Amino acid sequence: MSVPTDGDEVPVLEVRGLVKHYSSGSRLTRDRRVVRAVDGIDLTIGRGEIVGLVGESGSGKSTVGKCVTRLTTPTAGTIRLLGRDITHLSRARMRPLRSQVHVVFQDPFSSLNPRMTVEQIVSEPLKQHGVGSRRDRESTVGEMLEKTGLARELRSRYPHELSGGQRQRVALARALVLRPALVVADEPVSALDVSVQASILNVILDLQADLGFSCLFITHELSVVEFISDRIAVMYLGKIMEETTRERLFREPQHPYTQALLSAAPSADPAAVRAQERIILSGDIPSPAAELPGCPFHTRCPVAVERCRTERPALTAKADPEHRTACHLVTADGAPDLQALARA
Ligand code: SF4
């Protein structure tokens, strides 16, 4: 799939065949199990692009975020940041590259040091990377607070003296103070009230337009991913099921899992709600420790056929090169229509 890059410019992030397995259980009882949190995904993010990674809890999306920021080491595959292979870099060799990739976590309260003031929190990355004099850093912190919509007077406050939305703005200011090429935002608005969510999403979009960073935006909320993303990848059980532009995904979802997710998503448009049949999936997402042959979705898919139980579908473009889907029933002639099935 093509991503926006300037000429021959390398993508900001290029992930190939990423695998992250964890072992669980006890060696003593020989009850060792392999949890396949991420099971072979490809992902590319171009300069200035926001890619949404969406899926249910347990789909592996946060593990992808941890791998690409090298908070954990992948089991297999390669991760290239600005063209440089960072897959197996040691902590020391990764340190200079830390200025290029930052994470914003779900809970700003636990991710901000309660003993530090806003000023200290936002200037910390500058100090760690030896950027600027003290006066320069003070001025940069003031600038970042302004960009994130925080009053400069808040610089002497501690996290517990701020609202949830203000804390997340501080986390954004800290993540962006070094002007990273890539920001990984892991459920950054999920812990906030709905009214605050919209303002934080708008701040992220404004900052992205101003500073031009690329973003991997991880969320379980379709409305959020629709609002913020240029492209969207839908994850299920450690694999990407569908990947395309935001417009195509919401206009013409191809994968049965995506169609089911969209049918359950709340909409502000009453006509759209009336026209849409809810597709109810049976059962829960299987354990990532279960060895499932065939399509990972076959245990819940309403249109599964025999082939789905034995043969894993590859994530490929069928007719439109900008739209990739992992489903045997999606062909150049079309995709299964679960809405029609639900109406029948
Ligand atoms: Fe459903 Fe089969 Fe397609 Fe998987 S490959 S989504 S089980 S139809």
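Visitor: Where is lysine 61 placed in this structure?
Guide: In this predicted model, lysine 61 sits in helix 1, which covers residues 61-68.

Visitor: Why is lysine 61 called buried?
Guide: Its relative accessibility is 5%. Buried means under 20%, so lysine 61 counts as buried.

Visitor: What does lysine 61 touch, leaving out residues up to four places away in sequence?
Guide: Its contacts include Leu53, Val54, Gly55 and Glu56, along with Glu187, Ile218, Thr219, His220 and Met235. To be called a contact, heavy atoms must lie within 4.5 Å.

Visitor: Glutamate 56 has come up now. What makes its pairing with arginine 300 a salt bridge?
Guide: The closest N and O atoms of glutamate 56 and arginine 300 are 3.3 Å apart. The cut-off is 4 Å between a side-chain nitrogen of Lys or Arg and a carboxyl oxygen of Asp or Glu, so this pair qualifies as a salt bridge.

Visitor: How are the domains of the protein chain assigned?
Guide: Domain 1 takes in 45-74 + 86-229, and domain 2 is 253-344. Their C-alpha centres lie 32 Å apart.

Visitor: How many salt bridges are counted between domain 1 and domain 2?
Guide: The count is 1 salt bridge. There are also 2 residue pairs in polar contact across the interface. On the side of domain 1 that touches domain 2, the residues divide into 1 nonpolar, 4 polar and 1 charged.

Visitor: How many residues of each domain are in contact with the other?
Guide: 6 residues of domain 1 meet 6 residues of domain 2.

Visitor: What area is buried between the two domains?
Guide: The size of an interface is often given as the accessible area lost when the parts come together. Between domain 1 and domain 2 that area is about 500 Å², with carbon and sulfur atoms giving 65%. In domain 1, Glu56, Gly58 and Leu222 lose the most area to domain 2, together 77% of what that side buries.

Visitor: Let's turn to proline 336. Where does it lie?
Guide: Proline 336 is in the loop that runs between strand 12 (324-325) and helix 12 (338-343).

Visitor: Why does proline 336 count as buried?
Guide: Proline 336 has 14% relative accessibility. The limit for buried is under 20%, so proline 336 counts as buried.

Visitor: Which residues does proline 336 touch, again leaving out those up to four places away in sequence?
Guide: Proline 336 touches Gln254, Pro256, Gln259, Val303, Leu329 and Val330.

Visitor: How far apart are proline 336 and leucine 97?
Guide: They are 239 residues apart in sequence and, from C-alpha to C-alpha, 44 Å apart in space.

Notes. Residues are numbered from 1 along each chain as its sequence is written. This is a predicted model: local features need pLDDT of at least 70, side-chain atom pairs count only at pLDDT 80 or more; totals for chains, interfaces and linings use all residues. Side-chain values use heavy atoms; hydrogens and water are left out. Domain bounds come from an automatic or database domain assignment. Buried area is the accessible area (1.4 Å probe) that two parts lose on being put together, summed over both. A polar contact is a pair of N or O atoms within 3.5 Å; within protein, one must be able to donate a hydrogen and the other to accept it, and residues adjacent in sequence count only if both atoms are side-chain atoms. Ala, Val, Leu, Ile, Met, Phe, Trp, Tyr, Cys and Pro count as nonpolar, Asp, Glu, Lys and Arg as charged, and the others, Gly among them, as polar. Helices (H or I, at least four residues) and strands (E, at least two) are DSSP runs, numbered from the N terminus. Buried means under 20% relative accessible area, exposed over 50%, partly exposed in between (1.4 Å probe, protein chains only).
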